[in-house]
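Q: I would like to go through this model step by step. May I begin with the loops and then move on to other topics?

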Amino acid sequence: MDIQAEPYRIKMVEKLPMLSRREREEAIERAGYNTFLLRSDDVYIDLLTDSGTSAMSDEQWAAMMLGDEAYSGSRNFFNLEKAVRDIYGFEYVTPTHQGRGAEHILSSLLIEPGDYVPGNMYFTTTRAHQERAGGNFVDVIIDEAHDPASDHPFKGNVDLAKLEMLIKNVGPERIPYLSLAVTVNMAGGQPVSMKNLRQTRELCSQYGVPVYFDATRCAENAYFIQEREEGYQDHSVADILKEMMSYGDGCTMSGKKDCLVNIGGFLATDSAEVYEAATEIVTLFEGFPTYGGLAGRDMEAMAVGIREMVEDDYISHRVQQVRHLGIRLEEASIPFVQPVGGHAVFLDARRFLPHLSQDELPAQSLAAALYVESGVRTMERGVVSAGRDPDSGEHRYPRLELVRVTIPRRVYTSQHLDVVANAAENLYRKRENISGLKFVYEPSVLRFFTARFEPISGK
Ligand SMILES: *Cc1c(COP(=O)(O)O)cnc(C)c1O
């Protein structure tokens with residue numbers, strides 16, 4: 001096997017907290033068994049999220065010194081706009097404080113109450129904004145995406161038959177846009193193929209339905225196309241991304257993921273009409289249209305990050321490092337979602353903890369146990385994240401009950417990931433001892449962020 005080392009070297013280090021097991025037990029109890037509520041000072045290896053946790057490059061830090069903090073018309077905005085035009089190919093750019101700021105603007109502009117918004121699986125904030133605007137989210141991803149054992153190479157693909165059936169059932173006029181995620185976070189960071197993007201675009205054009213990308217991890221998706229899709233091996237990731245984006249009318253972007261910054265996002269579109277309307281809303285909720293809630297220096301760092309994210313050496317190592325963790329887990333026979341996605345490995349909590357029912361919150365329980373075992377922080381992506389159905393008030397029971405082990409970009413070495421695999425292996429050997437959890441506090445929206453739990457069996 002070829003060994004691929006980090007295509008960067010370390011210029012500054014940050015000390016990691018090392019707690020004892022007893023201290024970790026106390027910390028998770030204080031946190032209500034919710035890893036979101038742990039203090040980061042209590043975490044050894046923080047794999048909660050890849051959002052805003054990237055290490056910036058020396059070029060990006062240098063860019064931070066070039067902040068033009070003018071209220072309007074900052075030169076950093078024009079550099080950001082140019083980076084988006086060059087790399088994504090969209091004409092109009094509205095910066096926002098992060099991805100959900102862009103989702104808020106797009107949803108409130110385009111969705112009328114009672115509309116249907118199809119998407120290749122839901123994402124928490126995306127769907128919450130669609131529902132807030134009165135829309136109904138409809139999942140049109142292929143069935144394989146819901147099967148953790150399927151090794152389909154493009155599990156993020158849109159099921160064209162499902163999409164067309166929806167368009168025929170409700171009428172294209174009730175569908176303001178298709179929300180197309182590349183890669184699909186909730187399916188395990190799974191990519192969409194270029195062929196599927198092309199066909200989806202054709203179908204939507206036939207009915208006059210616009211396509212907006214959730215482009216949060218678009219560079220990772222482009223890498224998978226280069227790796228797996230026939231005819232793309234000789235194309236650069238930058239060229240592939242440009243072609244992908246050509247099948248949409250615009251995108252929302254969380255810069256905190258693929259753009260390699262700690263804060264920021266944007267809405268991009270080719271529609272002058274949408275852009276104009278967006279500049280009105282952005283002023284109300286984010287800031288003036290040339291800063292959208294960001295400092296000039298943040299826009300400059302994002303402009304540099306956008307160009308770095310499509311460098312072939314960087315993105316190849318990024319995706320391979322995540323896969324490295326998958327290979328280690330596979331060697332230990334630990335159940336996880338196949339194939340490994342672009343930003344995370346998703347442990348399959350149903351198979352890890354078969355003695356727990358879904359009402360006993362297996363993924364939440366596994367995330368808490370993994371923290372106590374090793375100081376590694378991960379996140380639940382199962383029934384707690386899925387929330388309650390707004391009509392019936394019942395839990396939504398997703399088929400996937402997962403623990404997301406998310407790898408920040410350029411932060412940890414592959415040896416840190418070996419430690420994680422080792423901890424999971426130790427825990428797997430004593431998995432029968434892991435008890436389920438129950439809610440003791442449940443907020444009404446996005447409950448996974450702040451809910452508190454206690455063990456069902458006492459302690
Ligand atoms: C993180 C994320 C968002 C929201 O972006 P924020 O920057 O966290 O507001 C939207 N969609 C997907 C797929 C994401 O992963």
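**Loops, helices and a pocket**

Q: Where is Pro-339 found?
A: Pro-339 sits in the loop between H12 and E9. Please keep in mind that this is a predicted model.

Q: Which residue does a cis peptide bond join to Pro-339?
A: That residue is Gln-338, and omega of the cis bond is about -20 degrees.

Q: And what joins Val-182 and Thr-183?
A: Val-182 and Thr-183 are also linked by a cis peptide bond, with omega at about -15 degrees. Thr-183 belongs to the loop between strand E5 (178–181) and H7.

Q: Staying with the backbone, what is the phi of Met-121?
A: Met-121 has a positive phi of about 75 degrees, although the residue is not a glycine. Its place is the loop that runs between strand E3 (116–119) and helix H5 (124–132).

Q: Is Met-121 buried or exposed?
A: Met-121 counts as buried because its relative accessible area is 9%, and the cut-off for buried is under 20%.

Q: What about phi of Leu-446?
A: Leu-446, a residue other than glycine, has a positive phi near 40 degrees. The loop in question lies between strand E13 (437–441) and strand E14 (452–455).

Q: How does Leu-446 count at 29% relative accessibility?
A: With that value of 29%, Leu-446 counts as partly exposed.

Q: Changing topic: how many of the residues of helix H8 are buried?
A: Helix H8 (residues 218–228) is mostly covered, with 9 of its 11 residues buried. Among them are Glu-220, Asn-221, Tyr-223, Phe-224 and Gln-226.

Q: What covers the buried residues of H8?
A: The cover includes helix H7 (194–207), helix H9 (237–245), strand E7 (250–254) and helix H12 (312–331).

Q: Now the sheet with E9: what is the order of its strands?
A: This open sheet of 3 strands has the order E9-E12-E11, and the pairing is antiparallel. Strand E9 (344–348) and strand E11 (379–381) are the edge strands, each of which pairs on one side only. On average, neighbouring strands here are turned by 35 degrees against each other, direction ignored.

Q: Over how many bridges do E9 and strand E12 pair?
A: E9 and strand E12 (residues 402–406) pair over 5 bridges, in the antiparallel sense. In E12, Arg-404 is the bridge partner of Phe-346.

Q: Which strands does H12 touch on the sheet?
A: H12 packs on the sheet and touches E9 and E12. The direction of H12 makes about 30 degrees with that of E9.

Q: Turning to pockets, how much space lies in the largest pocket?
A: The largest pocket holds about 1,500 Å³ of space.

Q: Which residues lie nearest its centre?
A: Of the 36 residues that line the largest pocket, Met-12, Ala-55, Met-56, Arg-410 and Val-411 lie nearest the centre.

Q: What gives the most to the lining of the largest pocket?
A: H2 gives the most, with 3 residues. Helix H2 (58–64) and H12 each supply at least two residues of that lining.

Notes. Residues numbered from 1 in each chain as written. Predicted model: local features only at pLDDT ≥ 70, side-chain atom pairs only at ≥ 80, totals over all residues. Heavy atoms only, no water. Buried < 20%, exposed > 50% of the residue type's maximum accessible area, 1.4 Å probe, protein only. Helix = DSSP H or I, 4+ residues; strand = E, 2+ residues; numbered from the N terminus. Contact = heavy atoms within 4.5 Å. Pairing = 2+ DSSP bridges. Axes fitted to C-alpha atoms, helices over the stretch in contact; angles between N-to-C directions. 1 Å grid on protein atoms, 1.4 Å probe; cavity = no way out; pocket = protein on both sides within 12 Å on 5 of 7 lines; lining within 4 Å. Points joined across faces, edges and corners; volume = space filled by probe spheres on them.
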